[in-house]
Amino acid sequence: MKKLKLVMVGNGMAGVRTLEELLKLTPELYDITVFGAEPHANYNRILLSPVLTGEQTLPEIMLNDVDWYAEHGITLHLGKEVVEIDRGRRIVRAADGTEAEYDRLLLATGSNPFILPVPGKELDGVVTFRDIHDVNTMIDAAANHRHAVVIGGGLLGLEAANGLSVRGMKVTVVHLGEWLLDRQLDRTAAAMLQDTLQERGLSFLLQKQTAELVAGSNGRVASVRFKDGDEVPADLVVMAVGIRPNFNLAEQSGIYCDRGIVVNDFMQTFDPRVYAVGECVSHRGVSYGLVAPLFDMAKVVANHLANFGIARYVPAATSTKLKVTGVDLFSAGNFMGGDGHEEITLSDPVGGIYKKLIVKDDKLVGACLYGDTADGGWYFRLIREGHAIHEMREQLMLGEGAIGDTGHQGQNRAMGMSDDAEVCGCNGVCKGSIVKAIQEKGLFTVDEVKKHTKAASSCGSCTGLVEQILINCVGGAADVKPKSEKAICGCTDLNHGQVRQAIRERHLTSLADTFTALDWRSVDGCSSCRPAINYYLISSWPGEAKDDPQSRFINERVHANIQKDGTYSVIPRMWGGVTNPSELRRIADVADKYDIPMVKVTGGQRIDLLGVKKEDLPKVWADLNMPSGHAYGKSLRTVKTCVGSEFCRFGTQDSTQMGIDLEKDLFGMWSPAKVKLAVSGCPRNCAESGIKDVGIIGVDSGWELYIGGNGGIKTEVAEFLCKVKTHDEVMVYSGAFLQLYREEAFYLERTVHYLHRVGMEYIKQRVLEDEVGRNELYARLKFALSFEQDPWAERTKGGVARHEFAPLSIETVTA
Amino acid sequence: MSRNWKTICQLNDIPAQGARVLKREDGDDIAIFRTIDDQVFALVDKCPHKGGPLSQGIVSGRTVTCPLHNWNIDLATGEACAPDEGCSGHIPVKLEAGAIFLALD
């Protein structure tokens, strides 16, 4: 088939990101031609500030060099400005006469800096802060001149001022508004920022309106004169008073524009062959200048250009970050508040910390942080996800403590860490390597950082730190979407929630059906999505959807835990942690017979046989003659118990028996992530119920149930769910909560994260208040478990999956 | 030059999207993979990263994901997928009349 012709006018971040997304979806559909007015390939415009300060160089901020275009067969016209679109003949024409035909046209013309209409605006020494040319002009000026005036106290203006100051100029920032960054900060935070910048040598003139730029004897700008008659010397004037969408070309070509190229939710203009993306568009009357929304648009356009036709652009809350080294500032959403909004503030002017949170209708809608932005990512997630916050309102200001406790010396603020400080304790990755990868490879998401550096790719406890480093490096362009909004993997644009919903609503019962029905981009998925979907299928349609062993991680496929040398560990189940001499003798005999190199007691009150050869597994299981402990699965692990009232002089309840009964009740339960329980017989809590997914504590008058605890990466204390009186109630309430978790959590989401996502109130409503619903949840759990058998017995007695355990050998030899 | 082809097993001895291991006394183990569309590949059963047994990984498309640290390895070439770097040796393999042959020298 003949390829369609796609022409893109504009060669900036939004446009090229669109091409990248498009090539991912359909590499062969188009012959692509790109026109860029600048003589450079695609660079990271957000990082012009560090180039100005000298912290980075131009080659370091290139996102796509000319080789990238060549590798993808894209015709690139650099330094050619398109001046005409002939929509009738579907041709674009550049100023030098170069023409290109199109079947589809993508306008990515970006924006122009706004130039104040004052006398002297065209003088030598007057620049904007928009592209590489501007930065070079500013660097030259800094080398040869003394006084700089930056007009505009917004993000860009302050970054320009800081850069010029670092390069030795005496800088005055002129701002029309009452305070700096009036679109990002409230007055209090802005005042603190101004103090900090003044200490660094910057001067500020607020509420000053520029009247004229005055020329010196050499024809170069010499001073700035204000409406009130004041005048300051200026050898360089930087205009940073905002940007305007660049839609001249579109408007001249008869495409409907209204302060931007008007597009619908599919990023299509009034001419259906013409799409637009980036700062040049006006979507529902709004134009955007931050990178995150532009990248979201890029995904949408690519989806439609690829003929998928299912994406819509929906504006989401945005966050900003000032890239001035040593100044920590973060704002997101509606941080100014107003009618019907509540404010929570923390102000410590001496300590240099200010935080303001804006709450509306029981939801966090905005945040403005100065001095300590460690929790910016968490607040941003809360804003995007729109959770009810009344349960955590008292702690909201104190932050999430989002960062794991382990592996990085308790550090929780990336800003203060030195380059050689270890961020990822699993893979030994230090901060400097992460920063370097982000800058050199042009990374925008935590997933990309994981891939390139391995940081946060194992236990994940440092994900919050990595997120902070990413935000520090690329500011608002950092893609820190919560898991609920992220695509499952590269095979689809759908997120976990959407896939789950589709499986339930469309009654999908196999992986193949799911991939077809949901337009998976790969034939048979990948190692990320297959285990997730397999779980969603079997948990949604127990008895109907068939478990696919090939879509399970090796541990769940062979029912043992793979070790670094390729051997396996075997942990037989000991109900409630109780064993007997006969079991112990069998374990000892097995260890001798199969030369098992290590026998170890686990934290879950059972015994681990480590170093078992794979081919020995079925024989080991047969000789043990004990059920699987599922110590390898996203499943019920152990129910830890204390001695309880049967022996203990303090015990109030028979916790041991309760543990055994729960473990038998839940045997064989697959879940989104591992599930651990504990039962203690009195409030001394010797079984450590406070750090379990479901923790039960016996008291004299009954049983207390706690949920969402976690003793691992980040210690999380379980939250009180309810108190019940009887043994049967413990079974039903615990089971109902676990079934709710099984039905609604995302794959690999632990109970604590599920609990935080949906909120305790919701769980109480489903499990406590709705009696019918509770019993139905428990009944569904029992129904699902009715299909489960002991996997070890199936493999030793029933011969299931025999091929897994028998190696091949060479049979015959042919010439 | 004719290769020294050796019969190893039948296609149906390997589950689709799965692998079997050929144990050798005098060399590394070899992992033989079968993809969803019944293509067959053979690699040295050692991930270039930390030597993980690739035969135990999840097979999808034409890659296998190492069970130890999730490196993705191209089944045809043994090369690690970007941004990781490294290579597991691949072994010539052919499928004839439902039987799998390896060229072992």
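Start by selecting the hairpin of E3(B) and E4(B): five residues sit between the two strands, and Asp38(B) among the hairpin's residues has a positive phi near 65 degrees. Strands (E, at least two residues) and helices (H or I, at least four) are DSSP runs numbered from the N terminus. Before going on, note that this is a predicted model, where local features need pLDDT of at least 70, side-chain atom pairs count only at pLDDT 80 or more, and totals for chains, interfaces and linings use all residues. Residues count from 1 along each chain as its sequence is written, while chains are lettered from A and ligands numbered from 1 in the order in which they are written.

Now colour strand E3 (residues 30-34) of chain B and E4(B): they run antiparallel and are joined by five bridges. Two strands count as paired if DSSP finds at least two bridges between them. Click on Ile30(B) and you'll find Val44(B) opposite, in E4(B). Ile32(B) has Ala42(B) of E4(B) as its bridge partner.

Show the whole thing: an open sheet of three strands, ordered E2-E3-E4 in chain B, with antiparallel pairing. Strand E2 (18-22) and strand E4 (40-44) of chain B are its edges, each pairing on one side only. On average, neighbouring strands in this sheet are turned by 25 degrees against each other, direction ignored. Axes here are lines fitted to C-alpha atoms, for helices over the stretch in contact, and angles run from 0 to 180 degrees between N-to-C directions.

Which way do the side chains of E3(B) point? Ile30(B), Ile32(B) and Arg34(B) go one way, Ala31(B) and Phe33(B) go the other, and all are buried. Buried means 20 or more other C-beta atoms within 10 Å of the residue's own (exposed is 12 or fewer, partly exposed is in between), with C-beta atoms placed from the backbone. Because five of the five residues of E3(B) are buried, the strand is largely enclosed by the rest of the structure.

**All of chain B**

The chain averages 92, and 98% of the residues score at least 70. Confidence in chain B is lowest in strand E1 (residues 5-10), with a mean of 90, and highest in strand E5 (residues 58-60), at 97.

Next, select residues 6-102 of chain B, which UniProt lists as "domain: Rieske" in an unreviewed entry. UniProt positions follow the numbering used here, feature names are shortened, and annotations may be inferred rather than shown by experiment. This span is 0% helix and 38% strand, and its end C-alpha atoms are 5 Å apart.

**Where the chains meet**

Bring chain A into view. The contact takes 26 residues from chain B and 25 residues from chain A, a contact being two residues whose C-beta atoms, placed from the backbone, lie within 7 Å. On the chain B side, E1, E2 and E5 each give two or more residues. E1(B) gives the most, with five residues. For the complex, the predictor reports an ipTM of 0.95 and a pTM of 0.78.

**Into chain A**

Select residues 5-281 of chain A, where UniProt places "domain: FAD/NAD(P)-binding" (unreviewed entry). The span is 26% helix and 31% strand, with end C-alpha atoms 22 Å apart.

Look for five strands forming an open sheet with parallel pairing, in the order E5-E2-E1-E9-E21 of chain A. Its edge strands are E5 (75-78) and E21 (274-276) of chain A, each pairing on one side only. Strand E1 (residues 4-9) and strand E2 (residues 30-36) of chain A pair in the parallel sense over six bridges. Val9(A) has Phe35(A) in E2(A) as its bridge partner. H9(A) packs on this sheet, touching E1, strand E9 (104-107) and E21 of chain A, and its direction makes about 160 degrees with that of E21(A).

For a last stop, select residues 633-773 of chain A, listed by UniProt as "domain: Nitrite/sulphite reductase 4Fe-4S" (unreviewed entry). Here the chain is 35% helix and 21% strand, and the end C-alpha atoms lie 28 Å apart.

Definitions and conventions:
pLDDT = per-residue confidence, 0-100.
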